[in-house]
Amino acid sequence: MTPEPTNQSEMETEPEHGEGAAARLEDVARLTEATLAYLDLDDLLAELLHRVTEILHADTAAVLLVEDDGRTLAARAAKGLEEEVERGFRLPIGRGFAGRVAARREPVVIPDLDNSTITVVNPLMREKNVRSLLGVPLIVEGTLIGVLHVGSLTQRDFSEADVQLLQLVADRVGLSIERSRLAVQGQIAQTLQRSLLPRRLPRLPGLSMAAWYIPAAEETAVGGDWYDVIELGHRRLGLTIGDVAGHGMAAATYMGMLRSAVRAYALDIASPAEVLSKVARFADAEHSRMATMIYATINLDTWAVDWARAGHPFPLLISPKHPPRFLTDVGGPPLGAGAGVDYEEQRVTLGPAETLLLYTDGLIERRGRTLSDGEAALTEAAVAAPDEPELMCRSVIQQLTEDISVPDDIAVLALRAVGLHDTLKAEVPANAEQLATVRHLIRRWVTANGGTDDDCSSFAIAVTEACANAVEHAYGPGDAAMDLTADVEDGVATVTIRDRGAWREPRGGNRGRGIPVMREFMDDVAIDTGEGGTTVRLSRRIGGEE
Amino acid sequence: MTPELAKLSFETTGDVELARVAGEVDASNVEDLTRRLLEAVSNDTQALVLDLTQTSYIDSSGISLIFDAAARMKNRRQQLRLVVTPESFVSEVLAAVSMSDSVPIDPELEAALRAVD
């Protein structure tokens with residue numbers, strides 16, 4: 001509280017000028033203390049108002065912010081006038097004391113409300129008998145965002161030094177409010193962005209897939225990267241990775257639009273180049289920001305990947321047979337470049353144990369490093385990374401973001417074909433649609449391990465029967481899977497299919513022919529029904545001449 | 001698009017319906033094939049010839065289809081004949097369940113058409 005009401009003349013002619021300046025410096029230090037930045041906005045405002053009332057020996061202090069309509073001020077924080085915030089006090093810009101400060105966009109001093117032309121609108125200030133007021137505008141980058149004012153219950157004249165000090169607090173408050181608003185927007189953008197990424201990736205017999213998304217370290221930098229997986233039916237899958245220029249809400253929103261456009265066209269159009277050309281026309285019509293992307297389709301039986309590229313970083317093919325290589329043979333400008341081009345497409349067929357790595361530029365672009373150095377670093381990281389897609393994504397990101405705070409979003413997607421030599425392990429969704437893919441897979445495995453055409457057909461039908469039985473009997477509708485393992489020992493191939501459902505006896509009538517068919521084509525069929533599910537073990541000597 | 005697993009085509013000659021199944025028949029498409037096959041058989045149809053010479057894969061689900069169709073047609077006093085290339089994979093599968101005991105199998109289309117004439 002103000003021990004002795006001072007008047008303006010006393011304040012301006014402080015006797016010990018040096019001491020006053022030192023004290024003022026200390027005051028400034030209290031108001032600009034760096035650690036305050038760690039408080040959340042409400043705590044920061046409360047603390048600043050507390051300190052400013054102490055320093056200025058004021059009885060009240062309040063922050064009012066301009067509402068979205070741009071015409072109204074609403075109480076946001078108060079000291080000595082706490083009810084103002086609780087009651088949701090509002091007043092139009094131009095009216096009352098705070099309204100006057102906002103309208104003038106400059107400090108306003110009222111030494112004595114009783115002798116002032118300004119009428120106080122706020123009933124609380126009248127109730128409390130506030131006598132003198134000092135108000136300053138909150139201006140951030142030329143825009144008025146609110147008003148900060150202090151008041152005294154006893155009459156006093158606020159000095160020029162008081163005005164300056166309060167303006168200092170106002171600048172501090174303005175920046176904190178703006179930063180907090182941006183952070184909230186950043187969080188919304190991040191939430192929106194995440195909600196548009198697939199929650200999980202499909203399980204595919206013979207192919208495994210993983211994706212990682214890392215938001216930029218600064219929340220406000222989040223926004224434009226995405227990846228998507230589209231189930232196209234007929235054992236085909238669509239795959240997208242993309243990057244919208246810019247950050248924040250606008251980028252995240254546009255990303256959502258592009259994602260939907262790709263999905264819509266992909267369901268109708270088989271050719272990735274054609275899909276991309278349509279999406280480019282959509283992007284041009286939107287007159288929105290630039291974006292880069294790759295759209296690819298995968299044939300789940302043959303592992304053929306058809307892909308088209310719009311200005312996006314090159315896919316990386318990682319093979320056990322040769323060093324990693326960037327697929328550079330398809331070009332095309334980014335979306336939104338207004339070029340109206342028709343994109344081209346290429347096919348790359350994944351061999352056994354090969355991985356296709358798609359990523360956004362945040363993974364390889366670093367300030368002060370050339371793009372080719374970035375690509376070289378990625379190649380190196382890919383070689384050092386484990387084969388398993390999930391681990392590969394994590395390892396590559398880790399290696400490439402070591403020691404830096406991630407400046408941009410990063411999305412990475414890895415698609416790997418299983419190895420076919422010796423042991424084969426695959427997860428098979430309990431879904432009849434996938435049976436043909438399982439047949440393809442097992443044929444390829446039998447061939448790779450020295451089996452004849454006859455061996456291929458025999459395992460194809462026996463494995464299909466075993467899987468179909470599990471699909472039909474073991475599970476209800478839903479997303480269940482079986483484990484398939486294949487091994488060769490001394491020329492005898494054994495395929496094991498293990499489900500985790502309850503075994504039911506095949507029903508009568510025309511059903512129940514699966515087991516005799518399996519026996520017909522295999523040397524040995526063992527069905528083991530246990531608590532945790534059913535295991536079917538199919539064996540046959542392969543590559544023989546009998 | 002990747003072609004469907006199996007293509008089903010029809011040819012009607014008088015009161016004989018010829019249906020060709022090209023591709024693979026398994027649990028994923030058998031219901032659809034059965035429905036379309038039975039829709040094509042009208043009350044006036046005297047015989048259905050099911051040509052499986054272009055069928056590259058069939059398993060117990062396809063066998064069920066044939067048995068179902070055979071039973072239904074028998075009730076309507078209609079004939080069903082199959083055309084299967086000898087020593088093919090399909091013929092092996094059908095032999096495994098002794099299909100020829102229930103449904104006559106011809107090695108060539110002409111033979112089947114002559115038989116139902």
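**Close-up views of a predicted two-chain model**

**Figure 1. An arginine is placed over a tryptophan ring in chain A.** R444(A) lies over the face of W303(A), and the distance to the ring centre is 3.8 Å. This view, like those that follow, is taken from a predicted model. For the complex, the predictor gives an ipTM of 0.92 and a pTM of 0.71. Chain B has an average pLDDT of 91, and 97% of its residues score at least 70.

**Figure 2. A tilted aromatic pair joins chain A to chain B.** Over all chains, the count of aromatic pairs comes to two. In the pair shown here, the ring centres of F521(A) and F89(B) are 5.8 Å apart, and the planes stand at 40 degrees, so the pair is classed as tilted. F521(A) belongs to helix 14 (residues 514-521) of chain A, whereas F89(B) belongs to helix 3 (residues 89-96) of chain B; the pair therefore joins two chains. F521(A) is buried because its relative accessible area is 3%, under the limit of 20%. F89(B) also counts as buried, at 13% relative accessibility.

**Figure 3. A stacked pair in chain B belongs to an aromatic cluster.** The rings of Y57(B) and F89(B) have centres 5.8 Å apart and planes at 20 degrees; because this angle is under 30 degrees, the pair counts as stacked. Y57(B) is found in strand 4 (residues 55-58) of chain B and F89(B) in helix 3 of chain B, so that distant parts of the chain, 32 residues apart, are linked by the pair. With a relative accessibility of 0%, Y57(B) counts as buried. Together, F521(A), Y57(B) and F89(B) form one aromatic cluster.

**Figure 4. Strands 8 and 9 of chain A form an antiparallel hairpin.** Strand 8 (residues 223-233) has eleven residues, of which nine are buried, so the strand is largely enclosed by the rest of the structure. Strand 8 pairs with strand 9 (residues 236-247) over nine bridges, in the antiparallel sense. Within this pairing, D228(A) stands opposite T240(A) of strand 9. Two residues lie between the strands of the hairpin, in which H234(A) takes a positive phi near 50 degrees.

Figure 5. R105(A) is located in the loop between helix 5 (96-104) and strand 4 (108-110) of chain A. Its relative accessibility of 40% places R105(A) among the partly exposed residues. D490(A) counts as exposed because its relative accessibility, 67%, is over 50%.

**Figure 6. Buried cysteines are shown in a model without disulfides.** The count of disulfides over all chains comes to zero. C467(A) is in no disulfide, and the nearest cysteine sulfur, that of C456(A), is 16 Å away. A disulfide would require the two sulfur atoms to lie within 2.5 Å. C467(A) is buried, with 1% relative accessible area. C393(A) is buried as well, with a relative accessible area of 0%.

Conventions
Residues are numbered from 1 along each chain as its sequence is written. Chains are lettered from A and ligands numbered from 1 in the order in which they are written. This is a predicted model: local features need pLDDT of at least 70, side-chain atom pairs count only at pLDDT 80 or more; totals for chains, interfaces and linings use all residues. Side-chain values use heavy atoms; hydrogens and water are left out. Buried means under 20% relative accessible area, exposed over 50%, partly exposed in between (1.4 Å probe, protein chains only). Helices (H or I, at least four residues) and strands (E, at least two) are DSSP runs, numbered from the N terminus. Two strands pair if DSSP finds at least two bridges between them. Rings of Phe, Tyr and Trp (its six-membered ring) pair if their centres lie within 6.5 Å; planes under 30 degrees apart count as stacked, over 60 as edge-to-face and the rest as tilted. A charge sits over a ring if NZ of Lys or CZ of Arg is within 6 Å of the ring centre and within 35 degrees of the ring normal. pLDDT is the predictor's confidence in each residue, from 0 to 100.
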